[in-house]
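Hello,

Here is the structure we talked about handing over. My notes on it follow below.

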Amino acid sequence: MSDFAVEANDIVRTFNDGDVQALKGVSLHVPRGEVFGLLGPNGSGKTTMVRILSTILSPTSGTATVDGFDVVKHPDKVRRRIGLAGQYATVDENLTGFENLRMIGSLNHLQKSFVLIRAKELLEEFGLTDAAHRNVKTYSGGMRRRLDLAAALVAGPPILFLDEPTSGLDPQSRQDLWTIIEGLVEGGTTVLLTTQYLEEADRLCKQLVVLDKGTIIAQGTSQELKTRLGATVLSLSFHTTGDAARGIELIRDVSTKPANVEGTVVELTVEGGPASAAEALRRLDAADIALSGLTLREPSLDDVFLSLTGHKTGDELAPSDAETRSERRARA
Amino acid sequence: MTIATETVYADKSGLGWAVSDVLTIARRNMLAIIRIPTALVFTILQPIMFVLLFRYVFGSGAIATNIPGGYVNYLLPGIIVQTTIFGAVGTAIGLAEDLQRGLIERFRALPMARMAVLAGRTVSDLGRNVLVLIIISLVGFAVGFRPHGGVVDYLFAVLITLLFAYCLSWGFAYIGLAAPNSEAAQAMTFPLIFPLTFVSGIFVPVSSMPGWLQGFATYQPVSEVTKAVRYLMDGSRAIPTHGNSIWVAIIWSVGLIAILGPLATAKYKKVA
């Protein structure tokens, strides 16, 4: 058996007879028992990768194994080992929460009496016991996601694919889901998670891969990526572009990275956090340059992209091209 | 998180699983019919409206037929066929919705029988048609419909209707899979079901139509099935050659599923 829960070698996937290249040779090695992150903006190929690994889509070229089984040659063996939950919360609105789990259990070919026990357990675990016999139509977004995740867990799969599990959720629901995911990994589950949020990747993932336009542009531990990036973003707003130009000369060496200037706003990625901010302020104050604003914040995915590729996530992207039909439909 | 119990798989043969998967999907679809008010109205109220409309508005002398018992005995066999064909629109809408919502995507990542999604959908629509035919029969009797062919012939006629509707529903499954969303799926079925049901012998005798319409109206499959159903239900054998229409209806049904089944299946593999 392979050392890796998921292994992908040089996966290429094209759509529209090769006109659109969603994945241009992506390789992944996901170790067992941890959360592995696929980080990238819309249209970067994250969802396509998950669809290939969960046997929904076949790769144009390249090979992939899940729990040691080839996704193209032994899809049924793969399907018995995975759970899939996604950003579109694909639960049946017309059924109750309990009925949804029972249906998925039955389609997983589990024993009836066992499904009843497992469904009850999962509903309780995810705080859905009170809503178990209500139509999913009446559920909140967070409840749907939890039910979606519960459905993915009915068969107790060793490997879980989560496609943007928290996108569009409020902060509390997001926290709840994170706690659940952490609990699952403690229990021995391997999780492959896609996300657009650096914060989420940082909180959950031991290792991650950054995808851009179907290519891996960076990989490593979350810590390694953050070190490469600088820990914090210092954003300074000046009153005039002239002030900004003078100011940037004074404070440039507070950061080891090039500054990002947009009009009167200068952004620096800094290692020292508040200390770096204080240093910048002292220098500007000594030169009598006043600020209209100052913020320190965690780097966003945009910052990662700017730092890694020189372009922001939105640049030159045509997400609709790289997306498949069903993804567009789901959004419509 | 720890889940106390060890996953237990049930023990069945491959075919046993396929049947179980089809029934699981069919049951889930049947539940939706009961729970979505609009689906329930579409399924049950609409056929009743058609019976009442044609029985009392158009049927009060406006349409001449030579059938014993009058227009109501002419109408009911036709309504039975028309209702099941209108019902097939639900096949298209349901599949388009599942596709749109990403449910089929989830099904595809499960170790279930591939064909269960399509087969389950057509089977649940068959189940719905059984329900609808019972209702239509009851309403029919209430408004004066008196079949003369006996119970066995009546049930035989219902079976032929169900067979034809089932085979045709694979064509509507294809439409549901080809449509970009459920609204479009519904719209796409109209240009099909209107000529099939109204340019037929369902509501009025074909001979009352303009000459250029009569060819299509006589030989299109829905008219053929209606002829067979009427032949079995009126018992008067008013038009002796209609006896052949039973065979014609069965051949149409088998022919349609032989073509539409593989078409829908191929489409399913492509889009889902």
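**Notes on the model**

Among contacts in chain B between residues at least 6 apart in sequence, 81% join residues at least 24 apart; two residues are in contact if their C-beta atoms, placed from the backbone, lie within 7 Å.

This is a predicted model, in which local features need pLDDT of at least 70 and side-chain atom pairs count only at pLDDT 80 or more, while totals for chains, interfaces and linings use all residues. Residues are numbered from 1 along each chain as its sequence is written, and chains are lettered from A and ligands numbered from 1 in the order in which they are written.

Chain B has ten helices and zero strands (DSSP runs numbered from the N terminus: helices are H or I of at least four residues, strands E of at least two). Its radius of gyration, taken over C-alpha atoms, is 20 Å, close to the 19 Å of the globule rule for 272 residues, so chain B is as compact as a globular protein of that length. That rule is 2.2 Å times the number of residues to the power 0.38. The C-alpha atoms of chain B fill a box of roughly 75 × 35 × 35 Å along the principal axes.

The contact between the chains takes 38 residues from chain A and 34 residues from chain B. On the chain B side, the elements giving two or more residues are α1 (14-35), α3 (71-101) and α4 (103-108). α1(B) gives the most, with eight residues.

Chain A is assigned domain 1 (4-226) and domain 2 (231-298), with bounds from an automatic or database domain assignment. The C-alpha centres of these two domains of chain A lie 40 Å apart.

Regards
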